[in-house]
Structures are given as structure tokens and as C-alpha cells.
There are 2 protein chains.
Amino acid sequence: MSGDRAGTKQFDVGIAGAGQLARMTCLAAWPLGLRVGVLGQPGEPAVPMAAGLVEGDWQSAEDVARLGAVSGVVTLENEFVEASALAAVEAAGTPVRPGADALARVQDKALQKEMLRDAGLAVPRFMVAASADAAVAAGEQLGWPLMLKARKRGYDGYGNATCESTTDVGPAFERLDAGEGVLVEEWVPFVRELAVMIARRPSGGSLAYPIVETRQSHHVCHEVLVPAPSEPAVIAAAGELAAAAAEAAEGLGVTGVEMFELEDGRVMVNELAPRPHNSGHYSIEACETSQFENHLRGVLDLPLGSVALRQPGAAMVNLLGTYEGPANPTIGAPLAIPKSHLHLYGKTDVRIRRKMGHVTALGPDADTALDIAERAAGEVGL
Amino acid sequence: MSGDRAGTKQFDVGIAGAGQLARMTCLAAWPLGLRVGVLGQPGEPAVPMAAGLVEGDWQSAEDVARLGAVSGVVTLENEFVEASALAAVEAAGTPVRPGADALARVQDKALQKEMLRDAGLAVPRFMVAASADAAVAAGEQLGWPLMLKARKRGYDGYGNATCESTTDVGPAFERLDAGEGVLVEEWVPFVRELAVMIARRPSGGSLAYPIVETRQSHHVCHEVLVPAPSEPAVIAAAGELAAAAAEAAEGLGVTGVEMFELEDGRVMVNELAPRPHNSGHYSIEACETSQFENHLRGVLDLPLGSVALRQPGAAMVNLLGTYEGPANPTIGAPLAIPKSHLHLYGKTDVRIRRKMGHVTALGPDADTALDIAERAAGEVGL
């Protein structure tokens, strides 16, 4: 009788964070007998169902080191944890997955784009501008409108600016530059945004979840349709591109790959998320193995689980805050909508557009599922 | 923005117990934003993912009262909690679901059988014997072999005795009688054991999960096939009988109904479980709403969720302990079996035939699923 989690550590897996992604990962861990610890503060979404809390801040290298000391493997729920802090965890003998070097490249959007381009993968044309003048010059080359992006810590549109002409560039550069210049990208006239989760493990093996369409509202992921309603050739190209991107990024566990679909059917990588991702939440009910369970399997180098859809279609609608104040969700009304599945994140305070939860629905196709999920989401009142 | 869990209590639901049924109920509660507290000891299966622990014993009326004081609704994971302790919780203003009166009838196998018979439902012929001599006399009437059952606290075959002839009765009666006599039942020559979960809520509405076949090993549930391979007429009769039995028992949340299928197609109720039940574990993956989620919905009087199967067939195999000692399950090997789902209960010590976890598989039919689940279960090494 010898188990395969030789660990003498308090946690099988430690997550540098304690938000909703950590919460759903903890819920996926218990049935497998896995103990997941989280790094954060009491009151955060993942704390009540985690195997334990390392009280601290993922922005503190010292706190990340304390998480590493009590975890068999360290992973993350956001890509902003300092790579040097993660490298120190590795140096102290605890694996970090994805690895610190890989995360260093992904967490800097300029390095990420260079890495993807150097791997021969389709990305929007881009440059790194060290000054506002250089960004204006880049705009003359790449055309207008022009995207400016902070190299680090951007998410949900924070850290991005769309410049219509040269006059917008100065203020945008000033806001986004943290001393290392900004990423400047051509505007991509996409017809649809696509995303896919790729699951990988250290000893080899990669699985691609279905390609989905993501719809944003104010730069925040709002709705996900599964599968994306693209042509088969586009789906196939997106799957190949995403798998190659996750491999180039040395993703472990799950990697979210956001892509643009162009009018002529070409597909480009927009951004990578080296962790569970909002565009994969549908997988809890819709797939044989959720993104959260496969993230755990992947970072622990366990066999990956099937990513097949259980029904032909699915959809996810985010519950984005519509007011400021204490959260008091209604649950009876959404639960009365057949075939919808409610997921609340336990956040005590609502803020405008804050991710408070999501609703998933399955159905014969994505549009039918979306109708159901939208109706249920509309009843929660957050 | 007014939510529908008006509760000012610490927990939305309190469970008098902290075993694997409470554990899986807690895991089902978090996505709905529900806080489930458990009554038990540190180290029990449900403690790490419960919203909180009321340290104590479900056999102590005082401890059950403390659970009631901090819970919006009290429910159970076993039917042995003293009905008087639950009545005191009700008297103090906290609903108990199912109610204390209903539980008083179900927890006494003699009263349970009388209640079912009085409702006109098919049960084996039975008598209550106040003495060994009376039990022998009952045997002359009901025939041999004869079943003797303790009135209270029997489970998994503990509390049952099969008497082949009069000479077996004396020792069996002595072992099983707790001063109120024993239940004596005719031996039922069943061809198959059936079970079904019925979900009910206080304001009305009842849903029946699929009828399943249960296979026992040494009186412990070992395997469950979904759906049962019985004739459609038998399935229909079993569904009606079970729904009527759960109604007669005033079940709330989910009620497990165990039945015998006879050679001539007749169906009889064997026993009720007024709570989530081992024969319903398959529903976590196999049904649109698990028995645990519907138990929560039912006891909170929220709309019940669809109990439809996601695939035509499913099977569950219990992981029953095969040795005595510390638990050290292997998880990589079972996770490598496609389409199987592992559920460990986090028990630190293995005992012979102790329920350590279970494996579920889905498939085109129950037998195919059973093959998969058996293979995966065989790899865990508990």
C-alpha cells in the first residue's frame, strides 16, 4: 500500500492567491484527496474551503517563500507573482508549476509576445516603445488605432489603452509605462474573440479543451459560448495555434490562450494566462474533467483527465457587479431556471463590474445554453 | 437587492454529523453561496471544507442544541440522532428537516415499517417480537429463514440477523433487543435490490432520481448500476412506490428508498434513509443536479434541480477498506482510467470494509460504466 503523494508537506499544492480561481481549485481537490493551501487574507473567496491559509500577500516574496515551505508544489491563480520570488521557491527545493523562468516571460506582455513570435506563431504586429515618441513612431508603422499595453500587471482591460491618433499616445504612455517601456500593438480587426484551455503535465502530454467564443463587456469577459461558432478550419487552426503557444510558454497545469479570429479565417494569439481562466469555467459542468481538476493533475504530474464535452453545447455568463455595497444574492430565482448551474464566489462586497460569480448552462447548442444562462444570471441581482 | 437567505445565523444549514455525506454536501454548498456547518470532531471527513465546526457529538442532545442555535436549518447525515434532541431544536425555533416527528418514525425500523404498511405500501410481512419466544412464534408464521432486525441504529448489516431455524433466534434476539423488542421480517427471495433517491421540499414538489440496482458485499453497498436493468413496468412501479414511501415518511431534502424486486416483478420497500445515501453518490457526475445539492435545496425550500441523467448509463463502486492501518491511497493509477471519477473521503485510517471513498463512471450503459469504475477502483489500493 504505497500512495503516490510522497509529500511530507502540509499541502499537496499551494496557490499564491486566494480568489475565486483558488476557490474552485480547492473544491476540485477534495474529491481527489488533495490538500490545497492558499496564500491570502481571511475573508478571501478560497479561504473557507482551502486545506489551510498561509496568511500573507502574493506580492511579498517572503510570504511566497512561506507558502513554498509548506507546499509540495506551488502554483498560481494570477501571473503577476514576482518571478524572482518563485525562483527562490524553486531554489529552496519546491517545484513551481509553471516554472519561474516560464512565468517571467509570460508575465511581461512584451517578452510573451516575443516568445510567441520567436516560436513562429501568429501574433499581431508589435514593438516595444521606450518613450511616447517611440510609440508615436510605432503608430506610424503599425497604423491607427494603436493598442498600448502595460508590460506587466494588466488584466481585464486595466493596463490597456486604445489610441485613435498621435494625440492620445502621450497620456496613455505616461499612464502605462512603469519604466521599461510599453508594448505597442497593431489594432486587429477581429470578427470574434476565441479562447481555449490547454492542459499539460511535466512528463508530457497535452489536451485541448473545446475552442470557445468569448464576449467582453467593458474589457471584462462577460459571456462564453461553447463551442465557438467558427468554421471547422478556423477551429482546427485555433487548436493547433493554442497548443503550440502553451508549449512555447512551457505551460503546466492549464494555460488559457486568448485569440483573435480575423475575417479571412486567420487566427492570432492575443494573450496567455498560465493558470485556470475565466473562459474555462464552463468546464466544471460541461466537460468530463474541469479545468480546475486538470490544473491540479497537471501541476502534480498526474494523468490528465478527458476534456470531452458532456453535451453538444454550453455557455457561461459572468455575474458582474452592478452596484456598490454589501452582496446579498438571490438564489431561489436562478435555481428555478432548469439546466442552469449557479456559482457564487462568496465575496461580501459588490463593486461595479466585479466578478461575483458565474452561471453555466448546458444544451443542444451554445445559443440555447446562452439563453438559459442569461436568464438565470439575470435573477441573481448582484 | 434583497437576498432570500434572510438568515442571521452563522450557518445556512447545520448537519448533525461530519462524515462523508456531510463532506460531499459541504462541497455542493459553496457554489450556491451556502454556508454549511457540521457537528463533529476535528479530523472527521467534512471538517476541512465545512463553513465551520461545532465541536461535539451528534449523540449528545446538548451538542445538537448548540448546532441548532447557530444554524438556519438543521439536517442530518444519519437517522440515529435522537428525535427528542431534534424536537428540542424545533421548539427553540430552528426548523429540522426532515422534521423530528418524521425522523422518530423512520429511525425505529418497526415504526417505519408500520408507517409504510399503514400508508398501503408494499413491505415484507413483519411483526414486532417482545421476546425470543415471540420471535420463534413469528418464525412459525412468517417462515424460515427469518430476518431479525434491531429497531434502532442498524446500518450496513449491523443490527440484522438471518435466522435459519428456531435455534438461531435466542442468541440473535439477545444481541439485537435493546429493551423494546425486535423487528421480525419474512425472508424476501428478491432477484435484485433497487434503490432511488427522492427529492422533496416543504412547499411541495417531488422529483425521483433514476431507479438503480444496488449490489451488496457482506451487507455493505458495494456497487450501484444506473439505471437498474429491470423491466420498464418494474421501474415504473418502483418509482411510484418510492415516491409514495418518501411522502409517507415526510422526507425533506433527499430520501433514499431501498427496495426488493421479486421474481414476479413485484416491488417492496426494504428501508428508508431520510438523507443523502450511498446509492445516490453516482449523481454527482451522472445527473444534472447531485443528491447533495438537491438535499440542500430541499431542506432550504429552494427550487429542486433537474435529476436527469447526463449520459444513458453510470455506475458507482465503493472503495471499501481491505486492511487495517494508515490510509495511503494511490491516485495516479485510477486517474489514468478514462471516464472514471475518483472520490476520496479523507479518512486517515483504513479498516476492513470501511467506506474510504468511491469511484463513479459514466457510459453508454450501466455495465460499460461498471467495468470502468471497477478498473479504476481496483487501482486505489485502500
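Q: Happy to start where the chains meet. Why do the copies meet through the same surface?
A: Because 100% of the interface residues of chain A are also interface residues in chain B. Please keep in mind that this is a predicted model, where local features need pLDDT of at least 70 and side-chain atom pairs count only at pLDDT 80 or more, while totals for chains, interfaces and linings use all residues. Residues are numbered from 1 along each chain as its sequence is written, and chains are lettered from A and ligands numbered from 1 in the order in which they are written.

Q: Good to know. How many residues does the contact take from chain A and from chain B?
A: The contact takes 35 residues from chain A and 35 residues from chain B; two residues are in contact if their C-beta atoms, placed from the backbone, lie within 7 Å.

Q: And which elements of chain A each supply at least two residues of the side that touches chain B?
A: Those are helix H11 (332–335) and strand E17 (340–344). The largest share, three residues, comes from E17(A). For the labels, helices (H or I, at least four residues) and strands (E, at least two) are DSSP runs, numbered from the N terminus.

Q: How do the residues of that side of chain A divide into nonpolar, polar and charged?
A: On the side of chain A that touches chain B there are 18 nonpolar, 11 polar and six charged residues. Here Ala, Val, Leu, Ile, Met, Phe, Trp, Tyr, Cys and Pro count as nonpolar, Asp, Glu, Lys and Arg as charged, and the others, Gly among them, as polar.

Q: Switching topic: what scores does the predictor give the complex?
A: The complex gets an ipTM of 0.95 and a pTM of 0.96. Chain A averages a pLDDT of 95, and 98% of the residues score at least 70; pLDDT is the predictor's confidence in each residue, from 0 to 100.

Q: What domains is chain A divided into?
A: Chain A has domain 1 (11–96), domain 2 (125–186) and domain 3 (190–378), with bounds that come from an automatic or database domain assignment. The C-alpha centres of domain 1 and domain 3 of chain A lie 22 Å apart. Their contact takes 19 residues from domain 1 and 17 residues from domain 3.

Q: Which element gives the largest share of the domain 1 side there?
A: H1(A) does, with seven residues. By class, that side of domain 1 of chain A has 10 nonpolar, five polar and four charged residues.

Q: Last one: what is the phi of B:Glu250?
A: B:Glu250 has a positive phi of about 55°, although it is not a glycine. This residue, B:Glu250, lies in the loop between H8 and strand E13 (253–262) of chain B.
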